[in-house]
Amino acid sequence: MKAAKKPSSVFAGFLGLERERGCQRRDCGDFTKWVICQTTKFANLLSKTLFAFNFNSCLNFSFGFIPFSLGQAKLHRRGGMVKVGSKIRIRMYEGAGSNFMRESLRIPAIFRLLLAFAIVAVSGAAHAQGTSDLSTRLAKLNRSIAGGQIEEAISLARSLDDAPPEGAELSIPLAQIANSLKESGKLDGANEFFRRSCAALDRPAAASLPPTSAVIIRLVAASWFVQIPSDAEALGAVQKALADPGIVTDAQRNQAVLICLKIGGHCLPKGDAATAYPAYSLAAIHAVGNQRAEAMLGAAWSAAMIGDRPIEAARGMVDFVDTFPQHPDAPLALQMGAACLKRVSDDQNAALLRSKIVDDLVTRWAKSKPAAEVAKDYVGAAIDEIPASVRRWVLGQNATDDVHLVAMAMRIAATESNSDVWDRCQLHLGHLDTTGQVTADLLDQLSSAADAERLVTFFLAPPEQVTLSAAAREAACRWVGRHQHWTMLALASGSTSPDSDDPSRTVAMERLFAEALMQSGRREEAHRWWTHLVDTEKVTDFATLLRCAETESSLGEVDLAARRIDAAKAAAENNGYRSSLVAMLAAELAVRRLRFDQARGELESVVRSSQTDAALRGRAQWMIGETFYLQERFSEAIEAYRSVAGMDPKCEWAAAALLQAGKSFEQLGRTRDAAVCYSTLMSRHGECQYAPLASRRLAALSNSGETNSNKTLRR
């Protein structure tokens, strides 16, 4: 057998290294085993000493599919591996330096393949070394946790979790640290590590964790988050825990449902319906029994609060009631469903669903408060827009204390001619309406004026032994005043008197009684009410004081009338129009005292006032003519009367001035001028109250033949 060929210089370095380590060729049975043994030992040696090349220049080799690079090594007298500084370097036999490329290319194929295997082994050894280091750090972390060395564990966990190595599964130790911090009362730390543990479960390394363990960690974290509370984080953890219901146990499912219900219970009262809705919806999927009822109702209520899904919210309410019809909140749920659909317009499906909900509510829960509230939604609606079931329900409420429902029942009873309900309800309305607003609204809503007058008559003059609210009676009086049914009010005033003590009679009613009597020409009766208001009720408003002064000036004592005029003047303050009205009264009182010059002075102030309307100035000018007429100063009276038409030619005082001017002309013997005045009055104001009298005067002048007696005609 031929002697083995001497190896090349590069591989000789490898052999020299092995000789230094005490490994001889004779340790192996044959050459192949020897090569494998040497390669394995060489790889182990490189991995233990953290082999490093000195990269001054780089030569690349490729053995099959394995690329690698070798740096040019330093030359030494003897081949092998030595320690230089802190690094391990290869040393070769002499002569290998400058001929490195040529020498290496002459390496036999088998040795080049072995060298490639060695490089791969070194790489695997380095990875194994990194894995070994991670295992060491994890083992140290687990020992710290098990030994209660929390601060050390926190430091190790943060260093690992801040830059997690590939394949490092940290969720369990992070959750253990979080739990320890929670038990020791360190809330901020517990928050941090529960968040870290949940984040670790989202990394790829968590795939190695059993799914059931991940569910447990997420539920524990969610239980903590819901206590903080951090409802959004708790909801996110529960949603991920229940992502695969097949791996969740019944106990875990119940725990998740409880967490979701707590989340909803936190968020809904705060108005955070956006978080409450998915929490309750998730609970409704997995809950049973009473918990499912709570979850379904919470989800529907949250949808209603969100506001942009009214039909979905209403259907959720209906589903809840259909599933749990005996639940105490069932009528309230239907009320909320009806309220949601009320906001939807021009949707036939929504209208049908709302009609179904309302019918169900007022039929099955007729005595519930939600039924009454839903019925009140139709208080202002037209009768034909009120569902038949609601109309029946309203008419059947014999003992309701809700004044709005009573008024609604009266509207329905009036439409259906139901006298029994009408009579019963008008008495209830008189008792219950303590503000008068409902009565006023009802009178405006009644389609028939006869029905409104029927109610007003009952309120103005109720039967004996029937006590009604003063506010309701006042509302009825005001309605009559607005519609100027003065005769009705005047008749009602006869059922009482200023001297009677009637607690259901208000000052406003007494003022309306007095005004109705004034408008009906019953000034003396009116005067009693006005003096009662001022002297007994101590009313100080300008209108009442003016009316009292007016009736006193014409019917009462002169001195008392003067005092009442002074009171009205004080109430007028600096208002020009009011002052003009007072001046008119003062002029009338002066005429009554035959103080004509004083009267004309008051009247002229009204005529000159820029704050007085044309009609009032025309009346004042007419009264100036009257003062001259009473003094038989007919020429001056005629001039005063002629000025009225220039102020307001269409007012009633212009017609009165023409009549009085004609009379003045007659007194002066100027019958033709008088006839012209009467003719003008009839042509311009033929519909006024003075036209018949002018016609009679004109006829009288014609019959007497006096119309041609004067030569001059003046207009």
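Glu-552 is buried, at a relative accessible area of 3%. Buried means under 20% relative accessible area, exposed over 50%, and partly exposed in between (1.4 Å probe, protein chains only). This is a predicted model: local features need pLDDT of at least 70, side-chain atom pairs count only at pLDDT 80 or more, and totals for chains, interfaces and linings use all residues. Residues are numbered from 1 along each chain as its sequence is written, and side-chain values use heavy atoms, with hydrogens and water left out.

**Salt bridges across the chain**

- The structure holds 40 salt bridges; the term covers a side-chain nitrogen of Lys or Arg within 4 Å of a carboxyl oxygen of Asp or Glu.
- Glu-552 pairs with Arg-564 in one of these, at 3.0 Å from N to O.
- That pair links distant parts of the chain, with Glu-552 in helix 26 (residues 542-555) and Arg-564 in helix 27 (residues 558-572), 12 residues apart.
- Helices (H or I, at least four residues) and strands (E, at least two) are DSSP runs, numbered from the N terminus.
- Arg-564 also counts as buried, at 10% relative accessibility.
- A salt bridge joins Asp-559 to Arg-593, with 3.6 Å between the closest N and O atoms.
- This pair too links distant parts of the chain: Asp-559 lies in helix 27, and Arg-593 in the loop between helix 28 (576-592) and helix 29 (596-608), 34 residues apart.
- Asp-559 is exposed at 53% relative accessible area, while Arg-593 is partly exposed at 27%.

- Asp-597 and Arg-600 form a salt bridge through their side chains, at 2.5 Å from N to O.
- The two are about one helical turn apart, because three residues separate their positions in helix 29.
- Asp-597 is exposed at 58% relative accessible area, whereas Arg-600 is buried at 5%.

- Arg-158, Asp-161, Asp-162, Glu-192, Arg-196 and Arg-203 form one network, joined by salt bridges that share partners.

**Backbone exceptions**

- Most residues other than glycine have a negative phi, and most peptide bonds are trans.
- The peptide bond between Ile-228 and Pro-229 is cis, with omega about 0 degrees.
- Pro-229 sits in the loop between helix 8 (211-227) and helix 9 (231-241).
- Gln-465 has a positive phi, near 70 degrees.
- Gln-465 lies in the loop between helix 21 (449-460) and helix 22 (470-482), and is exposed at 79% relative accessible area.
- Glu-573 has a positive phi as well, near 55 degrees.
- Glu-573 belongs to the loop between helix 27 and helix 28, and is exposed at 62%.
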